Amino acid sequence: MKKTRFTILATLLTLMVGTNAWGWGRDVHATITYIAERHLTPQAKANIEACIDGRSIVYYASWMDNHQEESKMWRHSSYYDKDTHKPVGTAYTELSTTIEKLGDYKSLSETECRHRLYHLLHALGDFHCPGHTYFQNADRSFKRNTHYNVVWIDNKETSYHTVWDILLIRYLRSAFGYMDFGHSLDCNIPQQYVEQVTAGTLYDWMCETANRCVHIYDKFPKRKKGTPKEELGHFDLDLVQEYSRLADEQILKAGLRMAKVLNESFGK
Amino acid sequence: MKKHIFTIFALLAFAPSVSAWNGALHTAIASIADANLTPEARTKIEAALGDHSIAYYAHWMDDVQHKSEYQHVRDWHNVALSPKGKILSAKKADKSASDVVRRADALDGLARAVAALQNRNNLSAQELADNIRYVVYIVGDLHCPSHYVFTDLLEARKMKYQIEKEKKPRSYMRFWEGEAVTATFAWKNNEFVHQLNRLSPERVAALTDGSVMDWVVENAKIYRPIYSYLEPDQHFKRKEYRAWLNKSYEMATDQIGVAGYRLAALLNGLFDESMPKKSIK
Amino acid sequence: MKKILLAILLCAVMTGAAWAWDNRGHATIARIAERHLTPRAKANIEKYLDGQSFVYYASWMDFNRHKPPFDITRDWHVDYWTDDMRTDAEGNPLPPVSIEQTKRIIAEMADFRSLSDSLVTLNIKFLAHLVGDIHCPVHVDFPTHRPMKIKYKNKEYKYHRFWDGFVVGLVRVGYSPLSLAEELDRADDARRAELQAGDPDSWHAENTAFCEKMYKAVPEDKVLTDAYMEEANNVAGYLFAVAGYRMAKVFNDIFDK
């Protein structure tokens with residue numbers, strides 16, 4: 001396991017603030033699962049679809065967001081404990097468990113198999129969302145009276161989280177559906193890149209995301225509530241480009257990794 | 001923070017419905033049908049449509065009905081049914097019947113369009129294209145739950161619901177014309193094909209079996225329960241609304257696919273000699 | 001709530017709308033081109049894009065013209081950026097900037113292997129956009145259309161912006177760039193070869209004729225009719241297709257070797 005200098009807080013924002021937020025927007029989750037689907041082996045694809053009434057995995061990409069009641073057992077934050085050097089909390093452990101359980105999916109009940117799949121199809125995507133995996137000791141958690149507002153390119157104040165989840169992705173490619181997006185990002189990816197990206201474990205991927213994305217919080221530090229708009233960080237087109245590039249890479253990686261996990265579990 | 005969370009929620013849940021509703025779903029239905037046309041039917045149809053697919057003209061009937069020369073299509077959207085699900089003829093409806101019942105003439109419109117296409121040698125190029133586009137549109141509408149007018153549930157058609165923090169209540173019937181699907185799946189037409197055009201040949205054969213009226217009667221059974229999904233003037237908290245959407249999105253979305261298969265069966269029967277003809281009755 | 005939705009809508013709408021076909025248009029054109037690349041040209045191009053499709057970069061130029069070093073490309077999208085640039089000091093007419101640049105890049109790419117990788121990548125992004133832009137009717141310099149405003153369904157639009165962003169979207173609902181490309185890409189091999197003939201100059205001449213025709217077809221009261229919209233939609237559909245075919249030809253000529 002890779003050592004990190006920081007403790008990691010990987011979380012679905014949801015429970016931290018005690019209300020229901022979302023991860024990536026629907027279009028991103030659909031894109032990630034679509035890229036994954038493009039990389040499934042025929043055997044894995046057939047086995048998976050047999051578990052979900054012949055539907056495409058894309059259909060269930062946002063099941064967890066839509067069915068919050070049924071999926072609340074996975075909606076927990078988790079972080080990396082600096083004393084024990086072990087990840088605790090359930091976002092990480094639950095997803096690890098899900099991956100492990102799906103490895104022997106035939107032993108699962110039909111319902112559990114489905115639900116574990118829905119969980120994987122969504123949560124692995126959110127683990128790659130720069131706004132969702134970050135370092136704890138930089139005190140980047142959301143607390144009362146502080147916020148992460150920024151000024152978006154239209155000169156309106158918005159939450160930084162919304163920027164990452166939605167605005168950034170839509171801005172440059174407003175007309176794209178998930179197939180356009182998937183096709184564009186994953187047109188003719190070199191095999192070498194696929195192998196390099198999909199090496200490692202969930203934990204490595206989580207660390208990598210946190211490491212790659214830590215700078216987005218340095219750029220826009222946390223503010224006290226009521227900070228005037230002029231003093232907030234402002235987005236310009238250059239930054240939109242730079243960050244959407246980062247987001248797009250994360251999307252591609254999430255898709256490729258999801259395919260790897262699914263192929264390993266269902267490809268037999 | 002809450003406000004922002006709310007914003008995110010709002011964006012994800014509702015942004016798709018702001019863009020075109022209904023038209024996009026008609027396009028989706030026609031795209032699925034297009035994927036199921038036989039080559040012969042497709043060739044003939046696209047020649048008649050000026051080298052365009054049926055999807056290209058999927059919502060055309062809606063776009064032209066404001067013109068005086070197309071005013072006859074304005075009533076071709078709904079079907080009227082008795083409480084027990086028997087199809088009622090709008091033409092024969094009593095003068096005292098409600099306007100919405102007397103104007104529920106979609107089946108008659110479809111029958112006329114299909115009859116015209118069966119004798120298409122008599123049609124001008126314009127009439128041929130128009131009648132194809134009528135069929136494409138009306139079969140779509142026949143798979144939209146809110147287009148089924150049950151005579152005992154006329155009041156329920158006026159139902160509205162209100163979502164927390166929204167100023168105006170929303171129309172329940174309008175919900176079924178778009179948001180029932182798009183609040184959950186904001187797909188483009190090729191994505192609807194990718195998601196829904198995957199049923200087994202046996203399942204497709206079962207769905208497309210029978211006449212158009214058989215389809216309508218079958219649909220009526222599936223659609224009638226929607227009136228019990230909602231209390232009059234129901235108020236939703238945000239979270240409740242999403243949970244409530246979950247009751248219906250699967251059925252609503254699947255109907256897009258069913259409509260596509262059936263439209264293809266109807267058009268194949270009309271334009272490909274080797275395919276079984278579909279009758280209205 | 002409304003404000004934010006509006007903001008999103010505005011984002012979506014304004015993004016590409018200024019001075020170019022919008023994202024939908026450019027991506028559709030690039031996708032049509034991609035469908036007609038030879039396997040060798042496609043493989044060569046994708047080597048420079050890390051395995052990504054150039055559809056991804058179809059609107060890149062629109063988002064990279066506001067600052068150095070690419071602010072020099074600001075004028076490349078249209079015939080003339082400002083009115084006073086139409087003639088040189090002696091009053092001789094200047095060639096349209098968009099055409100001149102397109103031709104220059106094509107010439108530069110003739111021997112692409114002698115160029116640095118980063119320049120080839122950049123030129124691919126340029127061509128994936130410019131061949132689209134030179135097929136946009138409102139990019140032709142036709143003196144009076146710039147400030148013109150029109151109305152459609154009780155909304156007022158700038159004529160230029162209307163053509164760039166709305167024409168196809170308003171008439172065809174539910175399509176994505178991929179599916180619209182499939183819809184519009186209907187010419188058989190012979191017809192496609194016919195449409196691909198010529199060079200940027202002759203393509204520009206054809207586009208100029210469309211520009212003039214559609215401008216003159218705007219009713220006097222500036223309220224667009226259904227007939228105008230149908231015609232505009234047909235013209236835009238045709239131009240998307242030919243722009244795609246010609247972009248494919250440009251890329252095949254360069255990269256199929």
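Chain C of this predicted model has an average pLDDT of 84, and 87% of its residues score at least 70. For the model as a whole, the scores are ipTM 0.87 and pTM 0.88.

**Confidence along chain C**

- Within chain C, helix α8 (residues 189-196) has the highest confidence, at a mean of 97, whereas helix α1 (residues 2-17) has the lowest, at a mean of 36.
- Over residues 1-19 of chain C the pLDDT stays under 50, although the model has 33 contacts beyond four places in sequence for this stretch.
- Where pLDDT is low, the predicted coordinates should not be read in detail.

**Where chain A touches chain C**

- On the chain A side 23 residues are in contact with chain C, and on the chain C side 22 residues take part.
- Three elements of chain A, namely α7 (160-172), α8 (178-185) and α12 (237-266), each give two or more residues to the side that touches chain C, and the largest share, five residues, comes from α8(A).
- By residue class, this side of chain A divides into 11 nonpolar residues, six polar ones and six charged ones.

**Nonpolar cores**

- The largest nonpolar core has 127 residues, and those with the most contacts inside it are Ala30(C), Phe54(C), Leu127(C), Met247(C) and Phe251(C).
- Helix α10 of chain C, which spans residues 226-255, supplies the largest share of this core, with 14 residues.
- Once residues up to four places away in sequence are set aside, Phe251(C) touches Ala33(C), Leu37(C), Ala41(C), Ile45(C) and Leu127(C); of these partners, Leu127(C) is also among the residues with the most contacts inside the core.

- Chain A contains 12 helices and nine strands, and 50% of its 268 residues are buried.
- Of the contacts in chain A with a separation of 6 or more, 80% are between residues 24 or more positions apart.
- Leu256(A) is found in helix α12 of chain A, which is one of the elements that give two or more residues to the side touching chain C.
- Which side of the burial cut-off does Leu256(A) fall on, buried or exposed? Leu256(A) counts as buried because it has 23 C-beta neighbours inside 10 Å, where the cut-off for burial is 20 or more.
- Apart from neighbours within four places in sequence, the contacts of Leu256(A) are Ile35(A), His39(A), Val194(A), Val197(A) and Thr198(A).
- Pro228(A) lies 28 residues from Leu256(A) in sequence, and the C-alpha to C-alpha distance between the two is 42 Å.

**Strand pairing in chain B**

- Strand β4 (residues 160-163) of chain B is joined by two bridges to strand β5 (residues 170-171) of chain B, and these two strands run antiparallel; Lys160(B) has Ser171(B) of β5(B) as its bridge partner.
- The hairpin of β4(B) and β5(B) has six residues between the strands, and Lys165(B) in this hairpin takes a positive phi near 75°.
- β4(B) also pairs with strand β6 (residues 234-236) of chain B, here in the parallel sense and over three bridges, with His235(B) of β6(B) as the bridge partner of Gln162(B).

Notes:
Residues are numbered from 1 along each chain as its sequence is written. Chains are lettered from A and ligands numbered from 1 in the order in which they are written. This is a predicted model: local features need pLDDT of at least 70, side-chain atom pairs count only at pLDDT 80 or more; totals for chains, interfaces and linings use all residues. Two residues are in contact if their C-beta atoms, placed from the backbone, lie within 7 Å. Helices (H or I, at least four residues) and strands (E, at least two) are DSSP runs, numbered from the N terminus. Ala, Val, Leu, Ile, Met, Phe, Trp, Tyr, Cys and Pro count as nonpolar, Asp, Glu, Lys and Arg as charged, and the others, Gly among them, as polar. A nonpolar core is a set of buried Ala, Val, Leu, Ile, Met, Phe, Trp, Tyr and Cys residues joined through C-beta atoms within 7 Å. A residue is buried if 20 or more other C-beta atoms lie within 10 Å of its own, exposed if 12 or fewer, and partly exposed in between; C-beta atoms are placed from the backbone. pLDDT is the predictor's confidence in each residue, from 0 to 100. Two strands pair if DSSP finds at least two bridges between them.
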